Amino acid sequence: MTQHLTLEDYRIQASERRLTALYSRNARAVIARGLLATRSSNWMIMVSGFFEPVLYLLSMGVGLGALVGTVAGPDGQEISYAAYIAPALLAVSAMNGAVYDSTWNVFFKMNFAKLYQGMLYTSLGPLDVAIGEIFLALLRGALYATGFTAVMGLMGLLTTPVALLMIPAAVVVAFGFASFGMGITSFMKTFQQMEWVNFVMLPMFLFSATFYPLSVYPQGIQWFIQALPLWHGVELLRQISVASFSTATLIHLAYFLVMIVVGMLLTTLRLRKLFLK
Amino acid sequence: MISAQDLSKHYGEFKAVDAISFDVPAGESFGLLGPNGAGKSTTMRMIGGVSQRTSGALTIMGLDPEEHGPEVRAHLGVVPQQDNLDEELRVRDNLLVYGRYFGLPMSYLKPKADELLEFAQLTDKASAKVDALSGGMKRRLTIARSLINEPKILLLDEPTTGLDPQARHILWDRLFRLKESGVTLILTTHYMDEAEQLCDRLVVVDKGRIMAEGSPAQLIREHSTREVLELRFGSERNTTVAGELHGIGDRLEPLPDRILIYAHDAEAALDEVVARGLRPITSLVRRSSLEDVFLRLTGRSLID
């Protein structure tokens, strides 16, 4: 500002990179902003998100579990009811956190806090913002998963060190939901439409073999549940928790890898609709 | 530096911006003047590359902002109509984090942030929360933030709307200094005095179209007289009296609340009004302004 600008200063070079209109390889600035904002104001929300699955585990696992006794685990062995539902609750919390961050949170920052409006007037492209936000959602998911797994350990629900793999697996589940959730948010215009997200999530939480085995349903409903992502998340984590692996484990994992790829593609294609109007 | 050819933006049937063309050379202070809804902000958003045009061509420093958004915006500073400061961050952090969005290093940003806080007279508010700032302070912080990357082009959308007179003058002073250092300013406003103070050249926009173009003095000269006489006879009588004023001055503009008489010498016009035995409740002699230009061009006033 001290030196007077000359015509020479007004020459800029165009980059030949692909996606240059959407991406400037600076998602870390979005991540740094998120961490700073969390540190200075959002940490209460973070804490409450951690306690939710823990409270479910205590009430359902310990309380209801006293009535239920033991149930058959993925490998046929009898396990306590708490040990049965704990991995499922972990999958649910991965889903909830990821979906909340990629839908409601993005919707709010977009339309009300006008945060992205400011970001997108800088060198950042919409893909930087999307990657940064998804990374933050996953980081939060990883923290929750670690905390929840620690609680499981304290309650004596961890029987094998393999169960620690639930933490990265929960992040994969969260990634699937977050990438998809952001793509879906690009279609949302009003709060009423956003309510549909909750309308889908709650039944999925209750009926995806979270609290009882899939076999209670008639065949047709079983197929329907098996098509939904949460069921794959629940089964994946449940199998890891007792180190009982089969080809089904790979199928569950593959389901999420496909979901991540499709979700990221959708989000990228919809970025202009999501952020630039 | 900025070149727009038949630039249009349609929302369905509605033409927010309708085939406007203009060129802004480096270092100029260029204004878009018009009422709310004229298409000024939409034009600004297209220049920033955050809104896709429906048709036409637009280049900023030779690049299309839609194709090269991040590169173009690296040299742009933007002050949006509504402050969109990061309420979750403190004042100084707002500047630092914003600078990071441009990929600028902390070693550059720290002294720069302090310099800009000084510039915006917010040094003692550095660690305050954003929502504790007054409207004027927020506006100054938004402007300071837009300068973090030392932009060559500064886009200001209604920079002083909602500010008290003192705060406006402080802002104008800051903007004037930037202009002196060679920064290209593009500003939208519906305040005449602001346009007259800050713009080398401006276009008058209405309903998405350019109505006139030129320097403020030029526009006034072409579309208005040197002086204006404003007369009020009370809302009942304004229209009836208008007939009796015929022939005084160059032109007569009866408005619901007052009558404007355009004349080279408004004092002389007032004398003639009185000589005809008419007694206005109030009379005001003033220089012609851009407001009059706008009224002449569109038949409507700028602030409704």
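**Exercise 1. At what angle do helix 2 and helix 4 of chain A pack, and how far apart are their axes?**

Before we start, two notes on what you are looking at. This is a predicted model, in which local features need pLDDT of at least 70 and side-chain atom pairs count only at pLDDT 80 or more, while totals for chains, interfaces and linings use all residues. Residues are numbered from 1 along each chain as its sequence is written, and chains are lettered from A and ligands numbered from 1 in the order in which they are written.

*Solution.* 

Step 1. Find helix 2 (residues 81-111) and helix 4 (residues 126-154) of chain A. Helices here are DSSP runs of H or I with at least four residues, strands are runs of E with at least two, and both are numbered from the N terminus.

Step 2. Read off the geometry: the two helices pack at about 155°, and their axes are 10 Å apart. The axes are lines fitted to C-alpha atoms, for helices over the stretch in contact, and angles run from 0 to 180 degrees between N-to-C directions.

Step 3. Helix 2 of chain A is therefore roughly antiparallel to helix 4 of chain A. Angles over 145 degrees count as roughly antiparallel, under 35 as roughly parallel, 65 to 115 as roughly perpendicular and the rest as oblique.

Step 4. Look at the residues that meet: A86(A), L90(A) and G97(A) are among those from helix 2 of chain A, and I134(A), Y144(A) and F148(A) are among those from helix 4 of chain A. Two residues are in contact if their C-beta atoms, placed from the backbone, lie within 7 Å.

Step 5. Sort this helix contact by class: 12 residues are nonpolar, 4 polar and 3 charged. Ala, Val, Leu, Ile, Met, Phe, Trp, Tyr, Cys and Pro count as nonpolar, Asp, Glu, Lys and Arg as charged, and the others, Gly among them, as polar.

**Exercise 2. How many residues of chain A are in contact with chain B, and which helix supplies the largest share?**

*Solution.* 

Step 1. Count both sides: 36 residues of chain A are in contact with 38 residues of chain B.

Step 2. Helix 1 (27-68) and helix 3 (115-119) of chain A each give at least two residues to the side that touches chain B. The largest share, 8 residues, comes from helix 1 of chain A.

Step 3. By class, the chain A side divides into 18 nonpolar, 13 polar and 5 charged residues.

**Exercise 3. Is S215(A) buried or exposed?**

*Solution.* 

Step 1. Locate S215(A) in the loop between helix 6 (191-207) and helix 7 (219-227) of chain A.

Step 2. S215(A) counts as exposed because it has 8 C-beta neighbours inside 10 Å. A residue is exposed if 12 or fewer other C-beta atoms, placed from the backbone, lie within 10 Å of its own, buried if 20 or more do, and partly exposed in between.

**Exercise 4. Which strands of chain B pair with strand 12 of chain B?**

*Solution.* 

Step 1. Strand 10 (residues 227-232) of chain B pairs with strand 12 in the antiparallel sense over 5 bridges. Strands pair if DSSP finds at least two bridges between them.

Step 2. Strand 11 (residues 251-254) of chain B also runs antiparallel to strand 12, with 4 bridges. A hairpin through 4 residues joins strand 11 of chain B to strand 12 of chain B.

Step 3. Check I259(B): its bridge partner is L231(B), and P254(B) stands opposite I259(B) too.

Step 4. Finish with burial: 5 of the 5 residues of strand 12 (residues 259-263) of chain B are buried. I259(B), I261(B) and A263(B) lie on one side, with L260(B) and Y262(B) on the other.
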